[in-house]
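Trainee: I would like to go through this model and ask what stands behind each label. Please set the value against the rule each time.

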Amino acid sequence: MAARRVGVVGAGVMGSGIAQALAQAGHDVVLLDKSAAVLDGVKDKIRNGLRLQKLAGKLASGDSANVAEILERITTTAEYEPLGSVDFVIETITEKWPAKEETFRRLDCVCPDDCIFASNTSAISITRIGSATKRPSKVLGIHFMNPVPLRPTVEVIRGFHTSDDTVRVAVELLGGMGRECVIVNDMPGFVSNRVLMLTINEAVFLVQDRVAEIADIDRVFRECLGHTMGPLATADLIGLDTILYSLEVLQESYADDKFRPCPLLKKMVHAGLLGCKSNQGFYNYNEV
Amino acid sequence: MSTETNARIQAFLRKRFQNYEFADDQDIFATGVVNSLFAMQLVMFVEKEFGIEVGDEDLTLDNFRTVDAMAQLVQRKAAA
């Protein structure tokens, strides 16, 4: 497939991983984040993402010689204007509707009319995101899994107005990035997070209710159920703030209290214990 | 074999995994307690703690599989 120029909005955990995967597939990437501090650290984060792939044996040694070349394909910016020349955008900003709405309105103004918008949202309805633009047929969800460099399959979400052509172009782009797609219909949380967020939330209730130690809760999932990671380690990896916001979105979207966030989860987020990214969540990552 | 290097690596593992004790020659990935994501944290830890740089050629799980293997890597890098 021909190299594209792809915009990535948000350079956090997911945005930097997605930018890396796009650049590795040969695409030019414009990576937008409003925070200069985040942009400063992003190339180091991507360099470490490439090293993680090497360590996990998923990068041939020939490829690793190209780290500089891969990084060169990524341009960082704090402005929307450079997105005027992209033909595909993947949005990965915080999981709050007002922020999403504002971002998609701005993208709709700046980007070419035929540019496709994908949201990496955890739970917000793709149909609702489409409604913030004048191009709802060109809006879809692409839910990458974390850590992006190691996960081979993504969830692709078709909104109410998403066209077949939009889905086809997205699947083609993802195929070029070595990703398989599972295409699902739009309801908040899709398949993955509608179930995963409830599981993580209930695991936090287990901690709050002192049913078991944190490490033992995860151990039951790993050793009894065969999961690669337990729900609490997964929460640390995703970010506890993202978990909380996603639960709030699900609770509001379904008007169903089964999604009510555990008070301990709220308390940890308010205390700044956000998981790996703040070096402290259910586990301590301070030493690195 | 520097026991001091081993001790510093052991101290790092103890802080991270309060409920587990690893022997110096135990395969920490085989225990199921850690995964390849944690391996990346080990890479960053040894780089920072011992002031070495782990190049592409040394980025293999085998170099981080046991406390002894990590200590050997540190010695090799420090001697280079």
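Mentor: Start with the rule for counting elements: helices are DSSP runs of H or I with at least four residues, and strands are E runs of at least two. The model is a predicted one. Under that rule chain B comes to three helices and zero strands, and along the sequence its pattern reads α-α-α.

Trainee: What makes chain B as compact as a globular protein of its length?

Mentor: The radius of gyration of chain B is 12 Å, and the globule rule gives 12 Å for 80 residues, so chain B is as compact as a globular protein of that length. Along its principal axes, the C-alpha trace of chain B spans about 35 × 25 × 20 Å. Of the 80 residues in chain B, 48% count as buried.

Trainee: What makes Asn63(B) count as buried or exposed?

Mentor: Buried means under 20% relative accessible area. Asn63(B) has 13% relative accessibility, so Asn63(B) counts as buried. Asn63(B) sits in the loop between helix 2 and helix 3 of chain B.

Trainee: Which residues is Asn63(B) in contact with, leaving aside neighbours within four places in sequence?

Mentor: Contact means heavy atoms within 4.5 Å. With those neighbours left aside, Asn63(B) is in contact with Asp58(B), Ala69(B), Met70(B), Leu73(B) and Arg76(B). Lys15(B) is 48 residues from Asn63(B) along the chain, and their C-alpha atoms are separated by 21 Å.

Trainee: Where in chain B is confidence lowest, and where is it highest?

Mentor: Among the elements of chain B, helix 2 (residues 36-50) is lowest at a mean of 87, and helix 3 (residues 67-79) is highest at 92. The mean pLDDT of chain B is 86, with 92% of its residues at 70 or more. Where pLDDT is low, the predicted coordinates should not be read in detail. The model as a whole scores ipTM 0.79 and pTM 0.84.

Trainee: Now chain A. How many helices and strands does chain A have, and how do you know whether it is as compact as a globular protein of its length?

Mentor: Chain A has twelve helices and eight strands. Its radius of gyration is 19 Å, close to the 19 Å that the globule rule gives for 288 residues, so chain A is as compact as a globular protein of that length. The C-alpha trace of chain A spans about 55 × 45 × 35 Å along its principal axes, and 52% of the 288 residues are buried.

Trainee: How do you know whether Arg135(A) is buried or exposed?

Mentor: The cut-off for buried is under 20%. Arg135(A) has 7% relative accessibility, so Arg135(A) counts as buried. Its place is the loop between helix 6 (126-131) and strand 6 (139-143) of chain A. Beyond its neighbours within four places in sequence, Arg135(A) has contacts including Asp108(A), Asp113(A) and Phe117(A).

Trainee: Why is Ile183(A) called partly exposed?

Mentor: Partly exposed lies between the two cut-offs, under 20% for buried and over 50% for exposed. Ile183(A) has a relative accessible area of 43%, so Ile183(A) is partly exposed. Ile183(A) is in strand 8 (residues 180-185) of chain A. Leaving aside neighbours within four places, Ile183(A) is in contact with Val156(A), Arg158(A), Val167(A) and Val171(A).

Trainee: Why are Arg210(A) and Ala255(A) called exposed?

Mentor: Exposed means over 50%. Arg210(A) has 75% relative accessibility, so Arg210(A) counts as exposed. Ala255(A) has 69%, so Ala255(A) counts as exposed too. Arg210(A) is in the loop between helix 8 (192-208) and helix 9 (214-224) of chain A, and Ala255(A) is in the loop between helix 11 (240-254) and helix 12 (263-270) of chain A.

Trainee: What is the phi of Arg210(A) and of Ala255(A)?

Mentor: Phi of Arg210(A) is near 55°, and phi of Ala255(A) is near 45°. Most residues other than glycine have a negative phi, and most peptide bonds are trans.

Trainee: Which kind of peptide bond joins Asn146(A) and Pro147(A)?

Mentor: A cis peptide bond joins Asn146(A) and Pro147(A), with omega about -5°. Pro147(A) is in the loop between strand 6 and strand 7 (153-158) of chain A.

Technical notes. Residues are numbered from 1 along each chain as its sequence is written. Chains are lettered from A and ligands numbered from 1 in the order in which they are written. This is a predicted model: local features need pLDDT of at least 70, side-chain atom pairs count only at pLDDT 80 or more; totals for chains, interfaces and linings use all residues. Side-chain values use heavy atoms; hydrogens and water are left out. The radius of gyration is taken over C-alpha atoms; the globule rule is 2.2 Å times the number of residues to the power 0.38. Buried means under 20% relative accessible area, exposed over 50%, partly exposed in between (1.4 Å probe, protein chains only). pLDDT is the predictor's confidence in each residue, from 0 to 100.
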